Each structure stands twice: as structure tokens, then as C-alpha cells.
Amino acid sequence: MKILNATETRTALPFDRLIEALRRMFVEGCEVPLRHTHTLKASDGSQGTVLIMPAWRADRYLGIKTVNIFPGNSARGLPGLFATYVLYDARTGEPLAHIDGNEITARRTAAASALAASMLARPNARRLLVVGAGRVASLIPEAYRQVLPIEEVQVWARKASQAQLLVNELKADGIAASVAIELSRSAARADIVSCATLATNPVIEGAWLSPGNHLDLIGSFTPTMREADDACFAGASLFVDTTEALQKSGDLLGPMSRGVFLADDVCGTLENLCRGKVSGRQSEDQRTVFKSVGTALEDLAAAALVFEGSA
């Protein structure tokens, strides 16, 4: 069994190839059971979430990702998410590779948002607001620049110092970036607002968003998490990565319980977009929302890319 560390995994997943691999996997499909979700309460009173996410193609690969999400880690100076990925031969069950799950998770998450934005954002979108400054947030600009003519990036985080650190990294990569001082004003200016936080209360208000805006919601992958208020969905065209989002995300469960929209109002999934079964953006002024909770399909596509690139 190969062991592929973070650097090797990252090198094997450039965003141009990864976005295309995701698009191809959404078109071709694979078996994706519902993830297992477990809550772990530690002795110090903190709480974590354990996700177990399998996927397979019977003629090729079986993959299982384990994700541990511990929001309290920020106080310990640690990332809030750790993940591992094991890839098997689906025909025999033989282990093929142990791959860095953090890199797979972060990069496929950013790539999926970029893939969705390529069909839902305005083709001339140039101003991107990133809400959050963690691992996934740091990758959003690079991923989006593969599919859209992004020229200006602003970053907002609860701690301005963290936003500044990310801005410095983006500038070092040649991206015109700045810290968003007033979130409402930056959201109103942005063509795209991408949220990648562990927030449990809304950080983005629909009243701030302009016609034609594309809102990308990444962080709310449990019922208790939320990044957007109800107004973000009112009058917007809503798309999801998979229908599982309607069962998992507080961003969707809350508004649905209050009658803001119905499950039937969802315009389509990322699979349907990639297969051309539904249309993406229809007009310049249309406001779109993409809500993702992540899917093991994306992990399998990324893991296969890493494994085959290491041969």
C-alpha cells in the first residue's frame, strides 16, 4: 500500500485537473451511500463530529474517508478538521493507498465550488469576497481563478489578523488582495461571496447582496451550523452539490422549517448541472446560491487522481 503525504497529495491535485476530474465523475457517477455522522463529547466539555464517507465504482476503486471536525481546536492553535483517506481496489478489496485526507478534503471542496461557479456565476465575475481564513478559504481564490476572470479578492474573518495573513499569502502569489473592513459593503460590491467558516450563526445577510451575485456556502455541513440568513435564499435560484445537503445543512434546514423555500424549490444538483439536465445562470441579474456539504464522490475522484499520478 502506498502512503502519500500532504505534499505529494497537494502536488497531484492542481486545480485545473481536479476541477475536470470532478466534472467527469459527476457525469459518469459512482455509488455514494449516505455518510455516517457521529457526535463525540470530550471529557473537557468540547464537542467533535466524526464523518465516515465511503464511495466506489465497482469496476475500479473503493474509497473511505474519515473526517474529524473539532471547532474548539482554534483555541488550541490546531486546525478544526483532520481527515484520512484509504483507497482500495473495488474488485478485490486490496488496500492501494493511504492518502492525506486534509489535502483531499480542502482541495476537492474548493474545486467543487469553482466547478459550480463556472455554471452559476456571471461569466465576467471579477470581484471575489472570501469569508473565512482557514484551509479551505485559502484555496478558494486559486480554484476560482481557474474558471473565472477573478481580478480582485477581499478576505474577511472574525479575527482581522487571520484575514491579513491570508491576504499576504495571496499577494505573494500575485493576486490583488485586501482585507474586507466592512463586511456588508464588501458583500454588496462582490460578484461572488464564498463562505468557508465553522459558523453556527449567519455571517452573511441577504440584504447586503446585489442582483447578479453568486453566493457560495461551504461551511454549514451539520444542522447546527449556519452561514447565511433567510434573506439570502428569498428570490434566489438555489442549487446544491447533492440532495444530502437538504438533510444535513443548517443553512437549508432552518429556512425550510420557516417556509422560506421548499425542498422542491431547489433548481438542481451539481450532478444535474454537469450532465446538462438543468440550466445554470439564466440572466445577468439572477442571484444564485450554491450550498455544498461535500460528497464522497468528490473524494473518490480526487483520490484516484492522486493514486494514478503516483504510479
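How many positive and how many negative side chains does the protein chain have, and how far apart do the centres of the two sets lie? There are 32 positive and 34 negative side chains, and the two centres are 2 Å apart. Here Lys and Arg count as positive and Asp and Glu as negative, while His and the chain ends are not counted. The place of a charge is taken as NZ of Lys, CZ of Arg, CG of Asp or CD of Glu.

## Basis of the model

This is a predicted model, in which local features need pLDDT of at least 70 and side-chain atom pairs count only at pLDDT 80 or more, while totals for chains, interfaces and linings use all residues. Residues are numbered from 1 along each chain as its sequence is written, and side-chain values use heavy atoms, with hydrogens and water left out.

## Overall form

The protein chain contains 10 helices and 14 strands. Helices (H or I, at least four residues) and strands (E, at least two) are DSSP runs, numbered from the N terminus. The C-alpha trace spans about 55 × 45 × 40 Å along its principal axes. A compact globule of 311 residues would have a radius of gyration near 19 Å, and the 18 Å of the protein chain agrees with this. The radius is taken over C-alpha atoms, and the globule rule is 2.2 Å times the number of residues to the power 0.38.

Of the 311 residues, 54% count as buried. Buried means under 20% relative accessible area, exposed means over 50%, and partly exposed lies in between (1.4 Å probe, protein chains only). The protein chain exposes about 13300 Å², and carbon and sulfur atoms supply 50% of that area. Accessible areas come from the Shrake-Rupley method with a 1.4 Å probe; for residues, only the protein chains shown count as cover. Among contacts (heavy atoms within 4.5 Å) between residues at least 6 apart in sequence, 70% join residues at least 24 apart.

## The open sheet

An open sheet of 8 strands has the order β9-β8-β7-β10-β11-β14-β12-β13, with parallel pairing. Its edge strands are β9 (177-179) and β13 (268-269), each of which pairs on one side only. Two strands pair if DSSP finds at least two bridges between them. Strand β7 (residues 127-131) runs parallel to strand β8 (residues 152-156), and 5 bridges join them. In this pair, L129 stands opposite Q154 of β8.

Strand β11 (residues 214-217) has a parallel partner in strand β10 (residues 192-195), with 4 bridges, and another in strand β14 (residues 288-291), also with 4 bridges. Opposite L217 of β11 stands C195, while L215 stands opposite V289 in β14. In a regular strand the side chains alternate between the two faces of the sheet. In β11, H214 and D216 point one way and L215 and L217 the other way, and all are buried.

## The antiparallel strands

Strand β4 (residues 61-69) and strand β5 (residues 81-89) run antiparallel and are joined by 9 bridges. I69 stands opposite L81 in β5. Strand β5 also pairs with strand β6 (residues 95-100) in the antiparallel sense, over 5 bridges, and A97 in β6 is the bridge partner of L87. β5 and β6 form a hairpin with 5 residues between them, and G93 in the turn has a positive phi of about 80°.

K65 lies in strand β4. Is K65 buried or exposed? K65 counts as buried because its relative accessibility is 1%. Leaving out residues up to four places away in sequence, K65 touches L51, I52, M53, A83, T84, Y85, T105, R108 and D299.

Helix α4 (residues 135-144) has 7 of its 10 residues buried, so it is largely enclosed by the rest of the structure. The buried residues in α4 are V136, A137, L139, I140, P141, A143 and Y144.

T7 lies in helix α1 (residues 6-11) and counts as partly exposed, at 47% relative accessibility. T7 and E103 are 96 residues apart in sequence, and 8.5 Å apart in space, C-alpha to C-alpha. C274 lies in helix α9 (residues 270-274) and counts as buried, at 14% relative accessibility. Leaving out residues up to four places away in sequence, C274 touches R23, F26, V27, L115 and M119. C274 and L40 are 234 residues apart in sequence and 36 Å apart in space, C-alpha to C-alpha.
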